[in-house]
Each structure stands twice: as C-alpha cells, then as structure tokens.
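Q: I have a model open and would like to learn how to read some of its features. Could we go through them one at a time?

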Amino acid sequence: MELSRPSLLPSCALIFLALLASPWWSVHSAEDVVITKVDRRIDLTSHIVRTSASIRFENKGSSDTTKVLFALSSAQAERLAYLAAIVLEGKGKSKTQSDPVAVSQVSFQSAPRDIVLYSFSLNKPLKRGESAIVEVNYVLTHVLKPFPEEIKQSDVQLVVYLDNAYLLSPYVVKVQTTTFKLPRSRVESFTKLDASRLADSELKYGPYENVAAFSHQPVTVHFENNQPFAVIKELQREIEISHWGNVYVTENYHLMHGGARHKGTFSRLDYQARPSASGVAAFNRLFAKLPPRAHSVYYRDEIGNISTSHLRSDNKRTDLLLEPRYPLFGGWQVTFTLGYGVPISDFLFYSKDGQRFLDFTFGSPISNAVVDKLVVKVVLPEGSKDPVVSVPFPVEITHERKYSYLDTVGRTVVVLRKENVVPEHDVHFQVYYKFNNLALLAEPLMLVFGIFCFFIACIAYMHFDFSISKSSASYQARLQREEVADAIQRLQKVMNVRAAVTDKLDASLRDLARTGDVASCKAARKAAEATLKETAKEVKSIQEALQASSRAASVLLKVDSLIQKEKEKQDKLLQKHSLTVELYERKLSSKDIDNRIAPYQQKLLVLTQEVSDLLHAIDD
C-alpha cells in the first residue's frame, strides 16, 4: 500500500507566522531598512583601536522606524570599551550633530550566534523613503596582538590586527569602504583582496557594492607599531571633598607595558647612547593632564619622592610630564602614586533644589592609556546625607564609610567601579548630596573641647595627690627628697645674699681709695655685719634641717664644707676691711696699703673660688 506524502503547507505557514511574531520582524525587517553608504575608518596608530563609521540608513518599508541596528562580532564585543552614535542632520556644510542617541544591546534569535547587536534610538522617526546619517564611534582595547610576542631591546615592535573588510551589518549595504590608518608606512603583510591598496600609511578596502547582511571577509594587517602600550592594570582614585577650601585627589597606579615582552638583557648604556635605535618599543615618560589650578602636586612610589617630573600650570591648564625610575619595556610594570589638590570653588556647586554636587572627571588623566580596572572613591564630608551619582555610562556603585581625624560617625564614601576604561570615558560625572552648614562647626568645637579637657586634666594632675598611701616608704622618701631639695634652694638663696654683702664691702673699699671717706666705709661695714649676722642664723637652721634628714647624707659633707669656707671668706674680708680703714686713718701711702693687704687679697681669691666650686657641686 502506498503511503500518502504529508503536505508542507501547514508547517511553512507556522514558520512564517513564528518569524512574524519574533522581535526581529516586529521591530526591523531586513527589507525595511538598507544601508546606502558606509565610510569606515579604523585608527591603528596607537594600542587603542578607534573606529569611526559614517552610515547612511534608508527606510524602504511601509511604516516609520525609530530604531536601527548595529552589529559587532562577539570577539570585538568582548573588547568593546566605548560605543556612541550621533545623527547628522542637514546637507553639505550645514550639517549639524544631534545629541548622542540612546544605545542598548539587543538580542534576536534569528541573528548568528557570534554576532552582538546594538540598537540606536533615533531622535525622530525615519519615515518611508527618508535617510539618516549616523556617525558611530567605538573603541576596542587589547586587540592588537604583538607578533612576535617577545623582542630584544634593539628590535622594533610588530603587531597583528584582525578585522572584517566589510561592515558587519544586519542590513544590505549598497556601497562601503574601509580604511585602516597605520602609525608608519612599514607594513609586513596584509590581506590582499579586490579593490585593496596600500598608500603610505593608509590601507584601503573598497568600494564594495551590494554586500549582503552579515557578510564576513576576514583581513589581517601585520605592521610596525612602536607607540607606548600604556596599560594601567588597576587605578584607584580617591577624591576627598573638604568644605574648608580644597578637593584632594590621590591616585594609585599599577602600570605596565602591554606590548611585546622584552627578552634578553637590558643595557642602559645602549638605551641612553642610541635612544633612536635601542628600546624604540619602550617608553620612559607619561603625559598627564590635570585640572586647571592644580596645586600641591606630588609624584612618588614605595621608595619615596620621584623628582623626574615636569609641571606646567596656569589658570587654564595643568600639564604634568612623568618619568618613571626606569624605562618600561614589554611586560615590565611599575607602581606609583600621584596626588594633587584643586580649589573647591572650581568643582563644587549648588543645584536648584539646594543640594551640593561635585562635578569631576571620571577617567585617568594620563593620555592614551587603557585602565583595566578603575575604582573611583568620592569621600564626602562628615555629615553628608543621601548621595546620588550621575554618570553618563554604566558603572557599579557601592557605598563605604571612612574614618579620618576628628571624625565621630565617619564619612560617606561613594565607590564607582568600571573595567576597560579608555580616554573617551574621561568625562565629568556628578555626585549630589545634602549637607547641613552647622556640621562645619563640629570639628572646630571638638578641637576646642579637646584642648579644654587637656588643660583641665593637667590642672587636676598638679593638684591631686595620686599616691597610694602617705605612710608608705616610697611616699616618705619622696617627701624627704622634696625637703632636701627645698633646703638646698634656701641655702643657695642665702649664699647669694651673703655674696651680695661681699660685693658691697668691696665697693666701699674702692670708694675709700677714691674719696678717702672713712666714715662712709665704716657705715658700710656696720650694715654688712648686721646682714651677715642675720643670715648666719638662717644658715644654721638649714644646716640643722639637713643633718636631721637621712636623704641629705650625699650632700651634707659638701654643705658643711661650703658653710665653713664661706664663713672663713667673710672673716677674711672683714679683717681686710678693718686693716684697710686703719691704714687710711694712719694716712699711709697707697703703695704701703696695697703691700699690707696683699696676703688677705690672695687668700680671699682662693676662698672665693672654693666657695664657687662647692656651690656648683651641690647644684649638680
């Protein structure tokens, strides 16, 4: 019996209905939109690959469309760091650029698996029969592969770049060209296709006509690229806001040369003697563009300050040229810290609703560097509330708390994290927060209160007795030491008074020799004897007090010797004084008088020196 063949019509109808119901056909049909012209330019002059594509979309469908699609291979999508699109309006020289259009990643089941699709939302609907020019700019990182992977110090660096000769598009492309801009005219090899040509440092493919959707024609370019492959493995930026006048920025870098790895030995002599031939693939300086009016700039590493830097600053720009301690070859790494301060008035503003907000740059200030991992920490003043972040691209946002000097509850820290950051991300972002002005008084009041408490504690310490027991041996010993010290101080004061008496007696003798007034000299002697008699009683009481103290044994012998020598000195001085007056009354000549009192004078000099030595010994 012959089996009847099933009809294919129902199954085909079901497939057609499923395609109509899918998001691909409900939003855009491959037949509704075509690309009439593509001019794609790929910049390979550095280690960051920048592509600019001018795409003219034309709506040939029956209805308006507000979105168009853009495609990248999955390999390029993994290395995609930046993607933006704008619409050119007008014709000729009157063309104007619109604001950047909204970009979102979409997925369709009917698209190839190794394709990643992005949707561009046009500013106004594209009507039937109309066309729009969309300028697409995207940046790829880590797509230039060194070949060979290892080179010597004197070798140049060769890299390989893989791409598509056609624009990868979900639409039919009527006419398209692709141009590769190379850093030098030296090209080892490139894929030769129809309508491909190399002129100086530009490699051009096309024009190609009527290219089908998702067409792929791989091309490989092997060329020389000695530009600095500056790759920042990790960058941590801390932006601390101080309402007392400044914003302080601290940046910790982990930098490496991402090009062909260096092999063999390194000769600094060859590098310095022949810089154009030795180490052409290395770099020994970095250029950083800091905010205008930056001040207190420092550049250091784990060893200390790095003096090989040059700073130029004015009101409009601040340029910093950094030189590491050694040149960086492929695979070599270095870590350092860059810090500076800027006036708060340039970056902190008030919003319409009364909130304060910081307006600062997001990316690295180092030119043409790729940041694999970027962490930006914004430290708000203590007392800040309800922080809100505005960033023009997706980032991971978390919050932390930091404690600094004179903090009580800590400072709110807004943490922004992003990977695969390029110079195109160095745009301004905003952090809004609420802050009560009374919180500015917290730190000064805390400082005043702390100083006040310190002085109160010092006063209490000086007035309170913290000994455990007044009957203890240590307490009694301390009291005795204080009594001995007090007795020594009183003895020194008395000795100073008696020394002043000595000076007055000597002065009276000099006046007698000049004027011959015996009466005045006798009066001075009488006053001196009265003072010496009065102080002798006080000296005796001090001596008895020291003899009664067991702690004075070490100085008692010196004190007794001092008292004895000082008394002997005063006795000799009075004898000299009495003899001199007597000789003047007898009206002897000055020469005879000097001869008679010379032995007394010599003895007085010896005694004076002995008394001085004993006083110094007791004082020590």
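A: Start with aromatic pairs. Two rings of Phe, Tyr or Trp count as a pair if their centres lie within 6.5 Å; planes under 30 degrees apart are called stacked, and those over 60 are called edge-to-face. Keep in mind that this is a predicted model.

Q: How many aromatic pairs does a search of the whole structure find?
A: The search finds 20 aromatic pairs. One of them joins Phe70 and Phe120, whose ring centres are 5.7 Å apart with 20° between the planes, and this pair is stacked.

Q: Is Phe70 buried or exposed?
A: Relative accessibility decides, and under 20% means buried. Phe70 has 2% and therefore counts as buried. Phe120 is buried too, with a relative accessible area of 0%.

Q: What is the geometry of the pair formed by Tyr299 and Phe336?
A: Their ring centres are 5.4 Å apart and their planes are at 85°, so this pair is edge-to-face. It links distant parts of the chain, with Tyr299 in strand S21 (residues 295-300) and Phe336 in strand S24 (residues 333-343), 37 residues apart. Both Tyr299 and Phe336 are buried.

Q: Which residues form one aromatic cluster?
A: Rings can also be read as groups. Here Phe266, Tyr271, Tyr326, Phe329 and Trp332 make up one aromatic cluster.

Q: Where does the charged end of Lys192 sit?
A: A ring may also have a charge placed over its face. The charged end of Lys192 sits over the ring of Phe190, at 4.5 Å from the ring centre.

Q: Now helix packing. How do the axes of helix H8 and helix H9 cross?
A: Read the approach of the axes, then their angle. Helix H8 (residues 553-585) and helix H9 (residues 590-619) have axes that come within 9 Å and cross at roughly 160°. An angle over 145 degrees counts as roughly antiparallel, which means that H8 is roughly antiparallel to H9. The crossing of H8 past H9 is left-handed.

Q: Which classes of residue make up the contact of H8 with H9?
A: The contact has 16 nonpolar, 5 polar and 10 charged residues.

Q: Which kind of peptide bond runs from Phe147 to Pro148?
A: That bond is cis, with omega near 10°. Pro148 lies in the loop between strand S9 (145-146) and strand S10 (150-151). A cis bond also joins Gly206 and Pro207, where omega is about 10°. Pro207 is placed in strand S15 (residues 202-211).

Q: What is phi of Asp386?
A: Phi of Asp386 is near 50°, a positive value in a residue other than glycine. Asp386 is in strand S28 (residues 385-390) and, at 47% relative accessibility, counts as partly exposed. Asn420 also has a positive phi, of about 55°. Asn420 lies in strand S30 (residues 411-421) and counts as buried at 16% relative accessibility.

Q: Last, sequence separation and space. How are Asn315 and Pro292 separated?
A: Set the count along the chain beside the C-alpha distance. Asn315 and Pro292 are 23 residues apart along the chain, and their C-alpha atoms are separated by 5.6 Å. Asn315 is in the loop between strand S22 (309-313) and strand S23 (318-322), and it counts as exposed at 65% relative accessibility.

Q: And how far apart are Gln575 and Arg50?
A: They are 525 residues apart in sequence and 111 Å apart in space, C-alpha to C-alpha. Gln575 is found in helix H8 and counts as partly exposed, at 39% relative accessibility.

Key. Residues numbered from 1 in each chain as written. Predicted model: local features only at pLDDT ≥ 70, side-chain atom pairs only at ≥ 80, totals over all residues. Heavy atoms only, no water. Phe/Tyr/Trp six-rings, centres within 6.5 Å; stacked < 30°, edge-to-face > 60°. Buried < 20%, exposed > 50% of the residue type's maximum accessible area, 1.4 Å probe, protein only. Helix = DSSP H or I, 4+ residues; strand = E, 2+ residues; numbered from the N terminus. Lys NZ or Arg CZ within 6 Å of the ring centre and 35° of its normal. Axes fitted to C-alpha atoms, helices over the stretch in contact; angles between N-to-C directions. Parallel < 35°, antiparallel > 145°, perpendicular 65-115°, else oblique. Left-handed = near helix turned anticlockwise from the far one by under 90°. Nonpolar A, V, L, I, M, F, W, Y, C, P; charged D, E, K, R; others polar.
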